[in-house]
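Morning, everyone. I have one structure to show today, and I will keep it brief.

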Amino acid sequence: MTMTAEPTVDVAPEELQRLLDAQRAAQALDPIPDAATRRDRIDRLVAAVLEHRDELAAALNADFGARPATTSLEVDILGGLPEIADTREELEAWMAPTEVPAAMGGAIPAFVQNRPKGVVGVIGPWNFPLVLVFVPAVEALAAGNRVMIKFSDMTPRTGAVFARAVASRMSPEEVTVVNGGLKTAAAFSDLRFDHLFFTGSPKVGRLVATAAGKNLVPVTLELGGKNPAIVAPDADVADAAARIAAARLFNNGQVCLSPDYAFVPAPSRDAFVAAYRQAVLTYFPTFADNPDVVSIVNDANYSRVTGLVADAKAKGATEIVIVPEGEKDRVPGPESRRLPPTLLLDTTPDAEINNEEIFGPVLVVHTYSDVDEAIAYVAAGEHPLSAYWYGGDTDDFQRFLVRTTSGGVSRNDFGLAYSNPAVPFGGVGMSGSGAYHGKAGFDTFSHQRPVASHDLPGGLAGALVPPLTPERVEAVAAAAAAAAAEVTARLRGSDGQG
């Protein structure tokens, strides 16, 4: 199937505002939809995607230039379904008011109402453009919201199919999909949503957060970063190399969770390189014409990744391009954007690739004499979205957990923290803020509103206004002195003083 991309047409800010107003008006008529309504919306959105799965996979192949339909079905279409099933099953429990202990000796009972925020905006990325808008949209619907989706302009064919698919099952007052270029994306970010969810680069994340901040719109940012993989002294180096290769080459490295660099024990570097090479050739016994290879998404990103490699080489790094022996003279050129798996050794500190997320099939390999060198390197950098440790649950690993900060940690495999819907998924600092997946996603798109009451005579406010009688002044002063004495006593006990 050949699919041509229609010219990008921006959506006027006035039309975006009209769509938002329509969703907000519809939400006002049913501000807290029941579980049956929420499940029905979820099921219709899932059905829209599944009913158009083949057309969506073909569109993704066309947008990337080469992307196997099986890859798109596995990740972009089927990848979110287990988590969605869990959300459907737990919905009533998550919606239920949360009881909290009563205050003032039981005189003021309270509960927390899990209330929809209203209208949620979702801005998606290009690397997995379906699942990374599909899942947050479902979680927003589960929380009782309406959803507007801004699809990535870098995958326009897929965006057009997705918009038609959603419209076939959902009213625009429930879920609507907006396509368009940078002007549309900027105008979308300027809308006064009740929550804005963005997945993409830190560079664009700053712009989204700035725009949302002007309207005091709460934002969840799912970004990326320089994800490290440390091969511990006790690790099976060959096994670790094979697993890191798989993690780096999934979607040809165009994954925010992929490791960008690996630290290996200095004496094991050659063994790591050999095992990595063998693993790559096992995954891709041919490369130049292999239909399983995913292309770099566009010319700009191809040039960016190859530019990072060229800069590293110019500053002294050694490049190892991994293709079968018979294909060394047939390495695909830029016209196909089929960038081959590559290792970089002896990269100097001033190389640009040490600071920029690669988002391609290139892995930088560093060595260490003491594993604490690797831990210190990770700790000194920006916080990554995911950190990887290959080796046992040793004292070294526990020290790694204490000294480094990252969105998540996976030991001995790729993206383990991402695969469990029972744990929140999100970054920290430059790799993001906020979280989603499962209950965390439901909470992100809900307002936890406390509701308290009491039926006793008088009121709290009456105790806070004048007259400030001598008895009240004395009582407050005595309470403050008692609190100070208690804290001082605790501090003396903790530092060993009598």
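Where does UniProt place the feature "active site"? According to the unreviewed UniProt entry, at Glu222 and Cys256. Keep in mind that this is a predicted model.

Take Glu222. It is found in strand β7, residues 219-222. Is Glu222 buried or exposed? Buried, because its relative accessible area is 3%, under the 20% cut-off.

Next, Cys256. This one sits in a loop, between α10 (237-249) and β9 (261-265). Cys256 is buried too, with a relative accessible area of 17%. Leaving out residues up to four places away in sequence, Cys256 touches Asn127, Leu223, Gly224, Asn227, Glu357, Phe359 and Leu385.

Last item: a helix pair. Helix α5 covers residues 81-95, and helix α6 covers residues 131-142. Their axes lie 10 Å apart, at an angle of about 5°. α5 and α6 are therefore roughly parallel to each other. On the α5 side, the contact is made by Leu81, Glu83, Ile84, Thr87 and Leu91. α6 brings Phe134, Val135, Val138, Glu139 and Ala142. By class, that contact has seven nonpolar, one polar and two charged residues.

That's it from me.

Terms used
Residues numbered from 1 in each chain as written. Predicted model: local features only at pLDDT ≥ 70, side-chain atom pairs only at ≥ 80, totals over all residues. Heavy atoms only, no water. Axes fitted to C-alpha atoms, helices over the stretch in contact; angles between N-to-C directions. Helix = DSSP H or I, 4+ residues; strand = E, 2+ residues; numbered from the N terminus. Parallel < 35°, antiparallel > 145°, perpendicular 65-115°, else oblique. Contact = heavy atoms within 4.5 Å. Nonpolar A, V, L, I, M, F, W, Y, C, P; charged D, E, K, R; others polar. UniProt positions renumbered as here; feature names shortened; annotations may be inferred. Buried < 20%, exposed > 50% of the residue type's maximum accessible area, 1.4 Å probe, protein only.
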